[in-house]
Every structure is written in C-alpha cells, then in structure tokens.
Amino acid sequence: MESAHSLADVQYTSFWLADPGRPEALPALTGDTSCDLLVVGGGYTGLWTALVAKERDPARDVVLVEGQEVGWAASGRNGGFCAASLTHGFFNGLERWPEELRTLERLGHENLQAIEDAVKRYGIDCDWERTGELDVATEPHQVEELREGAAQMVEYGLNAEFLDAEAVRAEVDSPTFLAGLWDKDGVAMVHPAKLAWGLKRACTELGVRIYEHTPATDLAESGAGMAVRTPYGRVFARHVALGTNIFPNLVKRVRPFLAPVYDFALMTEPLTDEQLASIGWKNRQGLGDCNNQFHYFRISADNRILWGGYDAIYHYGGKVRAEYDHRPETYEKLAGHFFTAFPQLAGVKFSHAWGGAIDTCSRFSAFFGTAHKGRVSYAVGYTGLGVGATRFGAEVMLDLLAGERTERTELEMVKSKPLPFPPEPVKWAGISITKWSLDRADHNAGKRNLWLKAMDALGLGFDS
C-alpha cells in the first residue's frame, strides 16, 4: 500500500526541531531573583513579549522562564504559516467583528511587517518567504464560496485574487483543485523553530535573562508585585506576562476557556527537480483546502512538502501528554490524502512525522486579560494561527500591564472573551458531536446540520 510504504523509514520527531542548528539550552534558575517583568513561557508569545518589552524600554529588567526549552512545543512544531490575520482568518473575523475588521486587518498587516522587519534587524536566519497563501476548493460547492470570498477581501482592501481551475493548477498542479483564492501578501512562510531560536538570541543580546528547564509552578501576590515559584527558586517581579498557551494557566479562571487539540503533520524527503516540475509550485505559496477538516501544506527551503491537518484530536479531560504527540493511524490517513492530491508524486517517502497540542478556544482566535490588580496579563487561544498573531498578543499584554489605553486595548476583540467550554463529560461529548457533524458537512456539499447551526448561533464550535 502506497501510504504504508511511504512511512516505512519515517522519524517520529518534528522536522523543524531536528535541525542541526538547534541551540544549547540555557541553565535553569537556581535561587531567587527579581526583575521588572517576568515572562512565563518560551514560545512565540513569551519571546515576542520579552523582545518588545526591551525594545520599548531598554532599561527594563526582563526575565523569561521556560519549563523545557525555547520553542519545543507548538512554536517548533507548526506548519510555518506566519499570517497577518489576527482573527484566525479573514472570514472568522468578518463573522465575529465586522465593524472593526478593517482596523484588525490593518493592525494585522502592520504586525506581519513588524515581524519581517525584526527578522531583518536581528539577522534571524529562518527561511522567511513572503509568498502569500492559496486556499483551494476541492469540492464543487466551494468554488463559488471562494469567488465570493475573494470579492469580499478585495472590498476590504486586501490583495486577493480568485483563480479558476486552470489558473489554480497553473500555480500548483493537483487533479483535486477546482479553484483557488490567493491572498498574495498576507502570509509568509518561515522555518518556525529557527524563528523561535532567533528570537531567543535576539532577546539575550538585548539583555533578557532566559532560564530554560525552569517551569513556573505557582503565582502569588508579594507586596506591590508578584512572586512566581519554580522548582529551585522564586522570581519576584513587578509585572508578569503569561505566554503558556495550552499548558495549565497560572490564572486558573482562564483554564475553562481553552481546549487542547492535537494536530499532526508529515514532511516528505526533498523532491527532485523532476518531481518538483510535475507539480509546479514555482511561487511557493502556503496552501490549505476549504474543508472543515482541512489540510495545510507548504514547501520548505530544501523543497520538501509539509502536509498536515485534517484530524484534530481532543482527549477526554483536556489532558496534555507526550504520548499523545504521535498517532500512527492519523499519519497513514494523511499519507493517503497526500497521494490523492498529488498522484504524480507516487513513490515519494516521508522523512518525519509529528504532532502536538494547540490551544483552541470557542471563537478560534486569541483572547486577552489581566489578573491580580493588573499586575499579571495573559494572551491565549490562538487556535493554530499564532506564528504571527503572538507578536500582537505580546503588544496587547504589555499595553495592559502598563495600564495604557491604546488602539489595541480598545478593540472589542481585546475587551471581550469567548464563551467557556462546558465541564466534562459535556465538553468531550460536544466536541465529538461537532467533529462528526463537520465531517458529514464535508461529504454533503457543505450543508450544516442542526447541531452545527446551533453551535454557530451560540458562537461555539470546533475548527481543525
């Protein structure tokens, strides 16, 4: 069987994190220390928060603690799509915040440009390519949806183009592609782990003190500031920014708003020139199909194809465990889908397979808040589009800690919260029914059943 053969020699680890340029971990914190700002979490949210804090005020004493190593979780395992959208895509934003979407899109594009500028300013070698993203229709009912979607995006001033079947296959040749919507400059491709490692280096060069293998275990008020306990010491800080995403938040009231969902990906071996020519892809866009249970795919700097998505697995009780990071049945399913999309690549093998948890919330995009009389801020819930949006989240957290009213903090998106998920077993049952319903819709011309319509009305749902 083609899919089983293609996985015969696979390494079960993130291709990005397996890069030989992976830096050595910095020492753990031992003893007590103090600072102006403590950042908890060494993923993109935490790294951008520390970096932007030092850029705003070089004299600010900033400490960052990470429970394992910088970039080891979602920041080093994602597909490497760095999007301008702050709302998990234009259409999710249009549905939820139509009145401020123009502002959100402008801020999102400014944020993406700020990331690109930082990559250049700090000399971060992360295979940055501003290629845009191509959404593709693989079912007939999706063609008109893309045509209408492109018109809406243009109306909002975005550089989008509808492609018919011939035009989309001239970009990337798959017999399953019926149409496309090309967002030409709103997405960049990046090596996600190299971006995290580059941000780590930039932070240390600006004077941020980073302690790895230093989990934050407890948060409490201490005088006019906060105290955060770690296994071998404490950090006393005036302010604390939490960038822990799906891992248990030190502000416990945030936890019911989040659900850990496991996402999986494959990476092929490098394509030969002949193989690459058989599919085109000369403009190197990131791609995603339009199904509810969708695939995302892109081409790497060394001409491998990353193929991920489709299955999104929630484990009862919202558990986050290392043993959930791999799922052979999903890998085989993804491999089969890959060869359906690209039959001309028969015989290609996959070199890496991996998975990991993302922090889903009911509105599919980040939410923000403060605790402990404004001394603590958090930004969580990115739902898989955090490579770009985390920098915006960092700016919001720093604005909130400063007590400043800014264009960002006045957004309804920032001031509002998603609906929390219900407790178990209702949470697990609701997510399971929603997944089943989404799969049915994908195989029934996109028609949503009564359950999905009810979830839409409540602003709840599930997105792979």
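This briefing describes a sheet and a pair of helices in a predicted model. Local features need pLDDT of at least 70 and side-chain atom pairs count only at pLDDT 80 or more, whereas totals for chains, interfaces and linings use all residues. Residues are numbered from 1 along each chain as its sequence is written, and side-chain values use heavy atoms, with hydrogens and water left out.

**The sheet**

- Eight strands form an open, mixed sheet in the order β5-β6-β4-β13-β14-β15-β12-β16; strands (E, at least two residues) and helices (H or I, at least four) are DSSP runs numbered from the N terminus, and two strands pair if DSSP finds at least two bridges between them.
- Because β5 (160-163) and β16 (350-360) stand at the edges with a single partner strand each, one side of each has no neighbour in the sheet.
- On average, neighbouring strands are turned by 20 degrees against each other, direction ignored.
- Strands β12 (residues 259-268) and β15 (residues 305-309) run antiparallel and are joined by three bridges; methionine 267 has leucine 306 in β15 as its bridge partner.

**The helices**

- Helix α9 (residues 328-341) packs on the sheet and touches β12, β14 (295-299), β15 and β16, where contact means heavy atoms within 4.5 Å.
- The axes of α2 (residues 44-56) and α7 (residues 192-205) come within 9 Å and cross at roughly 30 degrees; axes are lines fitted to C-alpha atoms, for helices over the stretch in contact, and angles run from 0 to 180 degrees between N-to-C directions.
- Residues making this contact include Trp48 of α2 and Lys200 of α7.
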